[in-house]
Amino acid sequence: MEPLRKQRVISKFHSKKSNKHKIFKKVKSKSVVEDKREIRKISVPAHRYTPLRENWLKIVSPIIEHLNLQIRFNLKSRNVEIRPESVSDETGNLQKAADFVKAFILGFDVEDAMALLRLENLFVESFEIKDVKMLKGDHLSRAIGRLAGKGGRTKFTIENVTKTRIVLADSKIHILGSFQNIQIAMRAICNLILGSPPSKVYGQLRNTANKLADRL
Amino acid sequence: MVKLINDIKKLLETFTEYTKDPTVFLRIICSCSVICFSIQLELENKFKDFLKQSYDTTKSLENSLKNKNVTLQKLIIKDFDTEQIWQQLELQNQTVYDNLQQEICSYNTEFNSISNENQKPKDRKKSVRFIDNDTDSEEQEEKNEENIRNRKNLSDTVNDDDVSDTELTDLEETSVNSEAEKENFSENFKNQSDNSENDKTIDEKKKLKSSLEERRERLDKRVQKLEEEALTEKPWQLKGEITAKKRPQNSLLEEILEFDLSSRPAPIITEEAALKLEDIIIRRIQNKAWDDVEKKIKPVNKPLEYTTELVLDQQKSKLSLAQIYENEYLKRREAVNPETKNQKNESVEHKQLKILLDTLFRKLDILTNFHVTPIPPTPEVKILTNLPAIELEEAIPTVVSEASLLAPEEIQSKRKGDLIGKEERTATDKKRERRKKKIKQRQKQKKQNENDENSKKLKPGMRTKFSKEKTIKELKNIAKNKLNIQESTTGIQNLRSSKQFFERLQDTVSSKIDTKRRKKNINVDAKRIKL
């Protein structure tokens with residue numbers, strides 16, 4: 001009979017110390033100490049798989065270096081898993097890292113999502129078009145088209161004016177930014193969904209953004 | 001007597017001798033001080049001696065005068081100053097003058113006394129003076145007694161007013177008297193035959209009255225006059241506001257009026273004034289200093305002029321979100337500590353130089369001006385964060401006053417006038433609103449047209465939302481007014497025939513060749529030609 005196959009470790013936890021591939025000895029179940037470290041798992045949809053692979057280093061390096069966490073991608077479950085080095089994590093880095101990765105998975109750029117790591121008061125707001133107004137078929141497509149604008153113009157203007165980042169994923173909308181800015185962007189987007197022309201929305205945006213600009 | 005005459009003759013001769021040549025006196029002035037002083041003295045002594053001689057001789061003639069005690073028999077010159085000699089002479093002259101006056105008056109009184117036989121002698125100042133007269137008429141004596149009595153009366157009741165009154169009355173009476181005297185005189189001469197009757201009538205008319213009675217009469221007269229004035233109607237001048245009808249015709253012309261002119265009086269055009277005007281006009285033309293009216297432009301106040309203008313960027317932003325927030329953070333930090341940043345930029349020497357130059361220029365400015373020029377205020381750059389203090393989370397200042405916030409007028413321009421509802425508007429308000437609306441519409445339309453033109457130029461075939469309707473409108477307009485549709489001579493649509501196409505092609509090709517040739521010509525260099 002064949003002996004029990006050793007369970008091989010599927011992938012390694014990338015940590016600061018080890019860069020080499022170590023051969024782990026067989027571990028007995030008794031000697032395993034229960035790991036009380038919190039692990040965050042973020043699932044990756046298929047369409048984000050390739051971008052994740054391409055930007056893996058960029059994502060991983062700040063988490064490991066600055067936040068002192070351990071991160072890995074579980075190929076089988078298609079999850080990104082993050083855990084702290086020590087048991088207690090009082091700094092809140094774990095949450096930050098989780099948010100960062102989540103933002104990337106939602107569709108934001110790495111650099112944009114990096115802002116989440118550096119600033120504390122940034123959030124991600126997600127909602128659907130049907131939350132705002134029940135649209136079907138052509139209307140929905142037209143609404144999405146209105147949101148984006150020609151060549152993405154409308155979206156970019158909203159982003160530039162309100163200092164946010166917007167991801168339009170078909171029917172879902174994700175906004176990344178500070179709380180006030182998110183509100184303004186959301187208002188603009190809702191107005192667009194409800195049918196107001198982009199010029200009008202620009203005007204309203206400008207007014208609110210001027211008030212914003214007074215705040216430094 | 002003869003001796004005297006001879007003396008006088010001599011005196012006259014000497015006088016003429018001395019005063020023959022008046023240039024003697026002038027010569028004194030011209031010559032130098034020491035010599036002239038001595039000459040002056042000589043002349044002076046001469047004249048003094050002459051004076052003494054004349055005085056002595058004339059004094060001897062004055063036998064009849066009584067004031068020998070006052071004056072000097074002989075003029076004393078020796079060791080006497082000119083001033084003192086003058087005083088002696090004055091004494092003499094004054095007394096002589098007084099005596100002459102007395103004598104003249106005495107002649108006058110004698111004449112009066114002859115005419116005023118029957119009249120009561122009234123107190124006259126002049127008569128009081130001449131008690132010393134040696135006239136022996138009885139009437140004079142009587143008069144004197146009465147005068148003495150009157151004098152006593154006067155002295156008892158002396159008041160300034162009374163004295164002045166009596167003076168005035170005296171003057172009046174003297175004048176009256178003189179008139180009365182003349183009358184009586186004539187009367188007397190006329191009615192010498194009918195003395196008795198005249199005397200009676202005269203007696204009846206002019207009873208002897210005491211001074212008190214006279215005074216009382218005068219007062220009564222005055223009182224009567226005043227009462228009359230009070231009872232009768234006032235003249236029109238004292239009646240307050242008067243129209244032309246209530247006063248006699250042309251009476252205002254005789255009045256001296258005082259009134260203020262509210263407006264500037266019209267200028268009186270004289271020759272001088274005209275010349276002045278012309279001078280002014282010529283000067284103005286030469287200086288080209290016209291009084292033209294300059295157009296006043298209303299200054300436009302933008303309430304948001306302190307805020308930075310937002311440009312809507314429609315491209316994807318090149319900076320990532322993190323970078324944007326980073327820049328913002330840095331800016332905020334800079335804003336809080338602006339001094340440290342500036343100091344780093346300038347070098348120390350530059351700073352010192354700047355300070356020195358500033359002080360120097362300031363001192364020069366002060367010295368070159370009469371008027372004080374105050375120090376120009378250094379512009380304070382204050383960055384206003386229009387936030388209440390609570391919301392400044394990360395900013396460092398713990399105390400922020402409301403004064404540093406932007407005023408509401410700086411955010412949004414203030415509306416003029418009171419708030420009015422739609423139903424409260426007057427016609428002017430409605431029209432005003434309409435006008436403003438129309439102006440806005442016009443501007444909007446203008447902008448639209450410009451945009452359309454620009455877009456047409458950039459993209460000739462692009463169709464906008466309302467382009468279809470616009471073109472229909474245009475066509476209708478053309479059809480209505482029967483305008484000729486101009487053919488556009490440019491553009492690809494204009495190619496109607498192959499001939500045109502090839503012509504155009506030829507043109508473009510030939511132009512290209514020309515440019516190529518020119519380029520070739522340019523490339524020929526001197527170096528290249530040299531072999």
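The model is predicted: local features need pLDDT of at least 70, side-chain atom pairs count only at pLDDT 80 or more, and totals for chains, interfaces and linings use all residues. Residues are numbered from 1 along each chain as its sequence is written, chains are lettered from A and ligands numbered from 1 in the order in which they are written, and side-chain values use heavy atoms, leaving out hydrogens and water.

**Open sheet, chain A**
- Three strands form an open antiparallel sheet in the order β1-β3-β2 (chain A). Strands are DSSP runs of E with at least two residues, and helices are runs of H or I with at least four, numbered from the N terminus. Two strands pair if DSSP finds at least two bridges between them.
- β1 (40–43) and β2 (69–74) of chain A are the edge strands, each pairing on one side only.
- From one strand to the next, the twist averages 20°.
- Four bridges link β1(A) to strand β3 (residues 79–84) of chain A, in the antiparallel sense. A:Arg40 has A:Ile82 as its bridge partner in β3(A).

**Helices across that sheet**
- Helix α2 (residues 56–65) of chain A lies across β2 and β3 of chain A, at about 150° to β2(A). Axes are lines fitted to C-alpha atoms, for helices over the stretch in contact, and angles run from 0 to 180 degrees between N-to-C directions. Contact means heavy atoms within 4.5 Å.
- Helix α3 (residues 93–106) of chain A lies across β1, β2 and β3 of chain A, at about 5° to β1(A).

**Strand β6 and its partners, chain A**
- Strand β6 (residues 172–178) of chain A is largely enclosed by the rest of the structure, because six of its seven residues are buried. Buried means under 20% relative accessible area, exposed over 50%, and partly exposed in between (1.4 Å probe, protein chains only).
- Strand β4 (residues 122–128) of chain A pairs antiparallel with β6(A) over seven bridges. A:Val124 is bridged to A:Leu176.
- Strand β5 (residues 165–169) of chain A runs antiparallel to β6(A), with five bridges. A:Val167 is bridged to A:His174.
- β5(A) and β6(A) form a hairpin with two residues between them. In the turn, A:Asp170 has a positive phi of about 50°.

**A:Lys130**
- A:Lys130 lies in helix α5 (residues 129–132) of chain A. A:Lys130 is partly exposed, at 47% relative accessible area.
- A:Lys130 and A:Lys172 are 42 residues apart in sequence and 8.8 Å apart in space, C-alpha to C-alpha.

**Chain B**
- Chain B has 18 helices and zero strands.
- Of the 531 residues in chain B, 12% are buried.
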